[in-house]
Amino acid sequence: MNYWDIFKKGIFEMNPIFRLALSLCPALAVTSTVFNALGMGLCVMVVITANNMVVSLVKNFVNPKVRVPVFITIIATIVTLIILILEAYFPSVYKELGLYLELVVVFAIILARAEVFAMKNGVIASAFDGLGMGAGFAVAMLFIGAFRELFGTGTILSGTSMALQVFPQSYNGPMIIILAPGAFMVIGLMIGMFNVIGEYQDKQAAKSKAASQLTGQRSEAV
Amino acid sequence: MEYFTLFMGAVVVNNFVLTRFLGLCIFFGVSKSLSASVGMGMAVASILTVSSALAWIVYNFVLVPYDLVFLKIVVFVVLIACFVQFLEIAIKRYAPALYEMWGIYLVLIATNCVVLGVPLINASANFDFLKSIINAFGSGVGFALAIILMASLREKLQYADVPKTLQGLGIAFILAGMLALSFLGFSGMIPL
């Protein structure tokens, strides 16, 4: 398995939010605007990559019985570092994400990757796994954020210098998409959509497999 | 009266699951069965109360005097994980029947956003000891309420004809959305 494959599987096949349904809290809480969603996504990407690398480096020195507390302490340290950096250089991002950023510590996906992947693989492979999983998470966050902001308020990237008014000023979107219930419903429907795509891909794969078997039999007959 | 509004605010107005979106992994994972949800809700409510009290003591008597507030995440996580581990060993040793019932939930609770989130909220709001405990207990009751309601709804769902692609998690999310919509009715009732 080369590094590209390791990177790629996190984005669709094992997408943390839509496929594994892990780390859902921020997917609902901070996706009412694209800016927040992307900020959170990038933070998680950094944490998961750094954690995978550190765990993979120290894996031979950790007694398996105490591995979970060790991992949690490593994650908490990385998150504290990120929070201090954000607080110093990007106070507006820190203010928006606040509590949810602190709770990155207990993300199931980060602990799961350390346990499943980084414990058994080298540093570079672990880094790519973290990057892929983080990218999958960030893409999902971006997707949900864009949908909610676009249909809820009619803008994209509001609050930044690149703010774009997509729908006319008079657009009076359904408020519910921005509020809590809308978050649940939008993600529910998106999970359904991902299932449809996954089913279609499985069907295509089965079809091409059947076709190759058919040609195989034919060549044997010849 | 002040304490009562704080309690009700934590239970319904700022419900942890449905308006603050914390503890969703457990919320969607466990609410498949009603009996498991009742057990989980009670376990979270009790552990949340005790661990918030512990966290308050450590925060106000160790972290604040020595100016180590920036380490609060590391300290709280380790504290809660140790407490839950200790509780698990103690229950296993002295009350095996209780362990049979609750044991599996304890592991899940150790790294859970609700249990870590409440001490962090208490710390940033500068609550005194009594307020911290009331806030924690109210949040736990709110979590239990949400997960029990959700489990009862999902048991009914077994007899419904759900489109194939939305079966399982998809429809659970939409259902939670409806539940959140009804909880939205409480918002603004108690300003926090």
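**Close-ups of a predicted model**

**View 1. Helices α6 and α7 of chain B side by side.** In chain B, the axes of helix α6 (residues 113-125) and helix α7 (residues 129-157) come within 10 Å and cross at roughly 150°. Keep in mind that this is a predicted model. Angles over 145 degrees count as roughly antiparallel, and so α6(B) and α7(B) run roughly antiparallel to each other. As for handedness, α6(B) makes a right-handed crossing as it passes α7(B).

**View 2. Who touches whom between α6(B) and α7(B).** On the α6(B) side, the residues to look for are V114(B), V118(B) and N122(B). They meet S132(B), N135(B), A136(B), S139(B) and F143(B), which sit in α7(B). Sorted by class, this contact of α6(B) with α7(B) has four nonpolar and four polar residues, with no charged ones.

**View 3. Chain A, element by element.** Zooming over to chain A, you'll find eight helices and two strands. Follow the sequence along and the pattern reads α-α-α-α-α-α-α-β-β-α. The C-alpha atoms of chain A fill a box of roughly 70 × 55 × 30 Å, taken along the principal axes.

**View 4. Burial and contacts in chain A.** Chain A has 222 residues, and 41% of them count as buried. What share of the chain A contacts with a separation of 6 or more comes from residues 24 or more positions apart? For chain A, that share is 77%.

Notes: Residues numbered from 1 in each chain as written. Chains lettered and ligands numbered in written order. Predicted model: local features only at pLDDT ≥ 70, side-chain atom pairs only at ≥ 80, totals over all residues. Helix = DSSP H or I, 4+ residues; strand = E, 2+ residues; numbered from the N terminus. Buried ≥ 20, exposed ≤ 12 C-beta atoms within 10 Å, placed from the backbone. Contact = placed C-beta atoms within 7 Å. Axes fitted to C-alpha atoms, helices over the stretch in contact; angles between N-to-C directions. Parallel < 35°, antiparallel > 145°, perpendicular 65-115°, else oblique. Left-handed = near helix turned anticlockwise from the far one by under 90°. Nonpolar A, V, L, I, M, F, W, Y, C, P; charged D, E, K, R; others polar.
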